[in-house]
Amino acid sequence: MHLCGGFARVNERIGCHMGMDELIDLFVEGDELVSNTAFEDLDLAYDVANGATFDGVVFRSCEFDSVDWSGSTFRDVVFRGCRFIRCNMEGCWLSRCDFVDCSAPGLNLLKARLSSVSFGSCDLSYANLSEGRIGPMTACDTRLREAAFQGAKLGQIRLDGCDLTRVDVFKTSLSGVDVSRCTFAAPIVSGDYHELRGLTVNAEQALALSGLLGIQLADE
């Protein structure tokens, strides 16, 4: 599978399907391993994963309301057409995961580690990705409006056609990040603007930023 530069390689024709009651039991027990399983049309609310590990799992058209995934591990996991409402993924490790056509405004990924993660046509507005280690990561046609990346460590980030309006990158270096094909305006940055050094922008974005910030953009 390769979706918008994605990394997850889960076979979506997994034969094992688990019902909602079985999944809730796993959440309650905690520290469980869920592997090579597909979940579809599940509606979970106010459940706790308790540091569970999801390996080779596909979630399709699922709704998660106030689910606490904090401290959990996701390896080779696909979320397709899922909805996250007030969900917590603080301190999670996501490795080789794809989020496709998902709605997750306000998702809490504080101090999370994202490695080889792809977002395609997702809504991550107001998401909190602060203080995490992020990269490699790709996102295309994804809404990150007013998302927070404060103090995050970014590396090998590729963004294409994303809405990055008023993204908070205070104390986060954007060196090497290409936003030239994104809607990018009014970033929240440190007073010395060091975060923007090495940021790749197009001519229109450069003019808007120089006027907005009252600085001269130079090649560094």
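Reader: How many aromatic pairs does the structure hold?
Author: In this predicted model, the structure holds 17 aromatic pairs.

Reader: Take Phe84 and Phe99, then: how far apart are the ring centres, and at what angle are the planes?
Author: The ring centres of phenylalanine 84 and phenylalanine 99 are 6.3 Å apart and their planes stand at 50°, so this pair counts as tilted.

Reader: And where do those two residues lie?
Author: Phenylalanine 84 belongs to strand β7, residues 83-85, while phenylalanine 99 belongs to strand β8, residues 93-100, so the pair ties together parts of the chain that are 15 residues apart in sequence.

Reader: Buried or exposed, for Phe84 and Phe99?
Author: Phenylalanine 84 is buried, with a relative accessible area of 3%, and phenylalanine 99 also counts as buried, at 4% relative accessibility.

Reader: What about the pair of Phe99 with Phe119, stacked or tilted?
Author: The rings of phenylalanine 99 and phenylalanine 119 have their centres 4.9 Å apart, and because their planes are at 25°, the pair is stacked. Phenylalanine 119 is itself buried, its relative accessible area being 3%.

Reader: Which residues do the ring pairs link into a cluster?
Author: The cluster linked by ring pairs consists of Phe39, Phe54, Phe59, Phe64, Trp69, Phe74, Phe79, Phe84, Phe99 and Phe119.

Reader: Which residues line the second largest cavity?
Author: The second largest cavity, with a volume of about 30 Å³, is lined by Phe119, Leu124, Leu129, Met137, Leu144 and Phe149. By class, these lining residues are six nonpolar, no polar and no charged.

Reader: Backbone next: where is the cis peptide bond?
Author: A cis peptide bond joins glycine 135 and proline 136, with omega at about 0°. Proline 136 is placed in the loop between β10, residues 133-134, and β11, residues 137-140.

Reader: Which value does phi take at Arg96?
Author: Phi of arginine 96 is near 55°, which is a positive value in a residue other than glycine. Arginine 96 is in strand β8, and with a relative accessible area of 32% it is partly exposed.

Reader: And what is phi at Asp101?
Author: For aspartate 101 phi is near 55°, again a positive value in a residue other than glycine. Aspartate 101 lies in the loop between β8 and β9, and with a relative accessible area of 47% this residue is partly exposed.

Reader: Zooming out, how many helices and strands, and what share of residues is buried?
Author: The secondary structure comes to two helices and 13 strands, and buried residues make up 50% of the 220 residues in the protein. Among contacts between residues at least 6 apart in sequence, 13% join residues at least 24 apart.

Reader: Last one: what is the mean pLDDT, and where is it below 50?
Author: The mean pLDDT of the protein is 85, with 82% of its residues reaching 70 or more. Over residues 11-16 the pLDDT is below 50, and this stretch has 14 contacts in the model beyond near neighbours in sequence.

Conventions: Residues are numbered from 1 along each chain as its sequence is written. This is a predicted model: local features need pLDDT of at least 70, side-chain atom pairs count only at pLDDT 80 or more; totals for chains, interfaces and linings use all residues. Side-chain values use heavy atoms; hydrogens and water are left out. pLDDT is the predictor's confidence in each residue, from 0 to 100. Contact means heavy atoms within 4.5 Å. On a 1 Å grid over the protein atoms alone, a cavity is a set of points where a 1.4 Å probe fits but cannot get out, and a pocket is an open set with protein on both sides within 12 Å along at least five of seven lines; lining residues have an atom within 4 Å of a point. Grid points are joined across faces, edges and corners, and a volume is the space filled by probe spheres set on the points. Ala, Val, Leu, Ile, Met, Phe, Trp, Tyr, Cys and Pro count as nonpolar, Asp, Glu, Lys and Arg as charged, and the others, Gly among them, as polar. Rings of Phe, Tyr and Trp (its six-membered ring) pair if their centres lie within 6.5 Å; planes under 30 degrees apart count as stacked, over 60 as edge-to-face and the rest as tilted. Helices (H or I, at least four residues) and strands (E, at least two) are DSSP runs, numbered from the N terminus. Buried means under 20% relative accessible area, exposed over 50%, partly exposed in between (1.4 Å probe, protein chains only).
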